[in-house]
Amino acid sequence: MIFLLMLPALIMLVFSFWDINKSKYLFPITSLLILIPSVRLFFLPKPYALWGDYLVIDNLSAYIMLVSSIVAICVTLAVSTLDLHVKISKSENAKFYRFFAIFWIGLTVSILANNMGVYWIGLETATLSTVYMIKTNQTLAAKKEAWNYMIVGAIAISLILFGIILIYASAKPILGENAMSFSALLRSAKDIKSPFLFEIGFAITTLGMFIKMGFFPMNLWLANIERASFYPIAALFSGILESAVIVGFFRFSKIASVINHQHVFIFVFIYTTLTIFIVSFLIYRAKDFMRLFSLSGVEHMAIIALFWASGGIFPALLHFGAHAFLKPALFLSTGILESKGKYRIAGALKGYSGVKGKVFYFLTGLFLLAIVSVPPSPMFFSELYGFGAMINIAKVNKHLLLMIGAIIVLLGLLSIIFYKFVEIYQSMKYEGEEKQKVVYGNEVFALVIFALSLVFLLTPWSFEFLRSIS
Amino acid sequence: MTSFLIGAFLATLISALFTTRLYGLILWYSLNSLSLALLAISIGFKIDDNTMIISGFLTLIVKSIVIPYILKKVSMKFGLARQITPNVPVYYSIMLIPALLVFTFYLAEPITNMMSSNANYVAISISALFLSLLLIIEHKNIAAKIIGFLTIENSLFLLGTTATNGMPMLVELGIFFDLLMAIVIINLLFKSEELS
């Protein structure tokens, strides 16, 4: 199984050294192979030890793996016509696939990891491989941002390792080397002799993960990077890399909640509310698609973390899935809208003719409205359930009025974002001049896959499965 | 012996903060890694932990010999600026560094109180982490920032060695692998900058 999971990446790595003009058509087919083991993971008895106690499949990792696989397939599909939208040399195009393959290996390891150290190694591998992917764009801004990412990413990842060491130190006296294992930690969390040390470790690890996702106070670095790099990289960041980061948060916070759930909730609540507060105003001031979607990604990751910490595992995972499909879809659409570097929000959706053009026009509009939770978007339901979970936790802690006030503030902030997105949608649709624009079949196909995945997310089967993870 | 090596680790890091020459900085990083390697080997022998001894030898080879050698080659190959004046003037650093050390000892007190052994070493690891961050902040030059990133990794290794008596072998190997990958990426970034 582990071989099957890594095989597409290995094939991609080997073929990236061949003539890119021929091999670029092979990559989407190769990436389709990712789906086979990802679907098979669902039918294995859980927990399934893939590689000793280091890589273990449970329902959470199977779900995140499937979501990431779909995103990877769609991004690879869209990348095959990247050179028709932006200026990219053959060698840089080949390097994109090469580093994408390494990225996929790192990502698979971190998603399936049942060991803190192995999780960190996978995340670091995925982070380092994206550094060069940013650089495939040969502009000065991309060069600067690649170095920035190298440094900020390294600091964030170092904080994660710092926290992991403290957690390990807190649990080693009772678990020995098993203190690295997520499942062992979860089982013995109550017996940890120094819960304070564990909580400090958790706070530092979470801080590192939050910095990596662009939370307060590092709100702009991710937006700058996604603006400077080519659009498929932004799609990979928002759809896959952030998934690998948040899966770590899920696992660490689950253990920390056993020790003291209230501490976890207060820490995450303050941090995420502050992030949403800052980001909503940054979104309001955003003047281009990439920054807008990037900042909106930060907002959604904050919401996911908040729902999860509130005990709303089902809404957090539903929101996570919807975001993982919607955001890359929007980034890919942006790449097409901004073709050849000419982008204007006004009239951006005008000028698409033919069946492909009309499908693209329809889906992009739909994704744009779905990301701000217009029903029947999965995000609409996840937010309903998520705020419900926050109310439930407030009832238990007897802080109901305070929580209702906080939810009203959050809704106020989300309404700023909603207003901005609707304004942009109207400007794209009704303002500006109409010019003939081109969209390619593979790109539309990728968007259709995203749309179908979103619809699938709304089926009773998906809801039932996500509830089973709780 | 352990105290002397920890002192050497901190001293080499502080010296790196005052360095204004790139090769000097690489040398201090190499010596920093050397003291770390010897520390891991000596603790490894003391507690009879083969994993830590192997990690120590790997540190010796990879961090104190291979990485400095590659960094020097890369800086020569791509003609990187050898004069790397820190943004923070020396007279401020003289005040800032001891203040940071005292502050981190105070900050780390709740953590060190939890430790059954090596409490002071843990505090030193955390202060080394802060000093490494200072190294990143005080330089505009990218090569110096890279050394800062590498010293962060050394500080974390020290923390792992002192706070937990060593991490599992697989994790240590993975960290080494990632470190080498980071060096390859850095090399590629410089290379593509030169080509463009």
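Biologist: Which residues line the largest cavity?

Modeller: The general idea comes first: rolling a probe the size of a water molecule over the atoms shows where empty space is left. In this predicted model, the largest cavity is lined by A:Leu161 and A:Ile165 together with B:Lys63, B:Glu153, B:Leu156, B:Phe157, B:Gly160, B:Met167, B:Glu172, B:Ile175 and B:Phe176. The space within the largest cavity is about 90 Å³. A search of the whole structure finds five cavities of 30 Å³ or more.

Biologist: Which helices each supply at least two residues of that lining?

Modeller: They are α9 (140-175) of chain A, and α7 (142-164) and α8 (169-195) of chain B. The largest share, four residues, comes from α7(B).

Biologist: How many residues of the lining are nonpolar, polar and charged?

Modeller: The lining of the largest cavity has seven nonpolar residues, one polar residue and three charged residues.

Biologist: Is A:Phe42 buried or exposed?

Modeller: A:Phe42 has a relative accessible area of 16% and is therefore buried.

Biologist: What are the distance and the angle for the pair A:Phe277 and A:Phe281?

Modeller: The rings of A:Phe277 and A:Phe281 are 5.3 Å apart, centre to centre, with 70° between the planes, and the pair is edge-to-face. The two residues are separated by about one helical turn because they lie four residues apart in helix α13 (residues 231-285) of chain A. A:Phe277 is partly exposed, at a relative accessible area of 41%, and A:Phe281 is partly exposed as well, at 39%.

Biologist: Which residues do ring pairs link into a cluster?

Modeller: The cluster consists of A:Tyr63, A:Phe202, A:Phe210, A:Phe215, A:Phe249, A:Phe250, A:Phe267, A:Tyr271, A:Trp308 and A:Phe320.

Biologist: Which residue lies over the face of A:Phe314?

Modeller: A:Arg467 lies over that face, 4.3 Å from the ring centre. In chain B, B:Lys72 lies over the face of B:Tyr23, at 4.8 Å from the ring centre.

Biologist: Where is A:His323 found, and with which residues is A:His323 in contact?

Modeller: A:His323 is found in helix α15 (residues 313-337) of chain A. With a relative accessible area of 1%, A:His323 is buried. Leaving aside neighbours within four places in sequence, A:His323 is in contact with A:Ser238, A:Glu242, A:Gly297, A:His300, A:Met301, A:Pro328, A:Ile371 and A:Met379.

Biologist: Let us consider the backbone. What kind of peptide bond joins A:Phe216 and A:Pro217?

Modeller: That bond is cis, with omega about 0°. A:Pro217 is found in the loop between α11 (195-212) and α12 (221-228) of chain A. The peptide bond from A:Pro375 to A:Pro376 is also cis, with omega near 10°. A:Pro376 is found in the loop between α16 (354-371) and α17 (378-397) of chain A.

Biologist: What is the phi of A:Ser373, and where is A:Ser373 found?

Modeller: A:Ser373 has a positive phi of about 65°, although it is not a glycine. A:Ser373 is found in the loop between α16 and α17 of chain A, and at 11% relative accessibility it counts as buried.

Biologist: What is the phi of B:Asp48?

Modeller: B:Asp48, which is not a glycine, has a positive phi of about 60°. B:Asp48 is found in the loop between α2 (22-46) and α3 (50-77) of chain B, and at 64% relative accessibility it counts as exposed.

Biologist: How many residues apart are B:Phe57 and B:Leu38 in sequence?

Modeller: B:Phe57 and B:Leu38 are 19 residues apart in sequence, and 8.1 Å apart in space, C-alpha to C-alpha. B:Phe57 lies in helix α3 of chain B and, at 40% relative accessibility, counts as partly exposed.

How values were computed: Residues numbered from 1 in each chain as written. Chains lettered and ligands numbered in written order. Predicted model: local features only at pLDDT ≥ 70, side-chain atom pairs only at ≥ 80, totals over all residues. Heavy atoms only, no water. Buried < 20%, exposed > 50% of the residue type's maximum accessible area, 1.4 Å probe, protein only. Phe/Tyr/Trp six-rings, centres within 6.5 Å; stacked < 30°, edge-to-face > 60°. Lys NZ or Arg CZ within 6 Å of the ring centre and 35° of its normal. 1 Å grid on protein atoms, 1.4 Å probe; cavity = no way out; pocket = protein on both sides within 12 Å on 5 of 7 lines; lining within 4 Å. Points joined across faces, edges and corners; volume = space filled by probe spheres on them. Nonpolar A, V, L, I, M, F, W, Y, C, P; charged D, E, K, R; others polar. Contact = heavy atoms within 4.5 Å.
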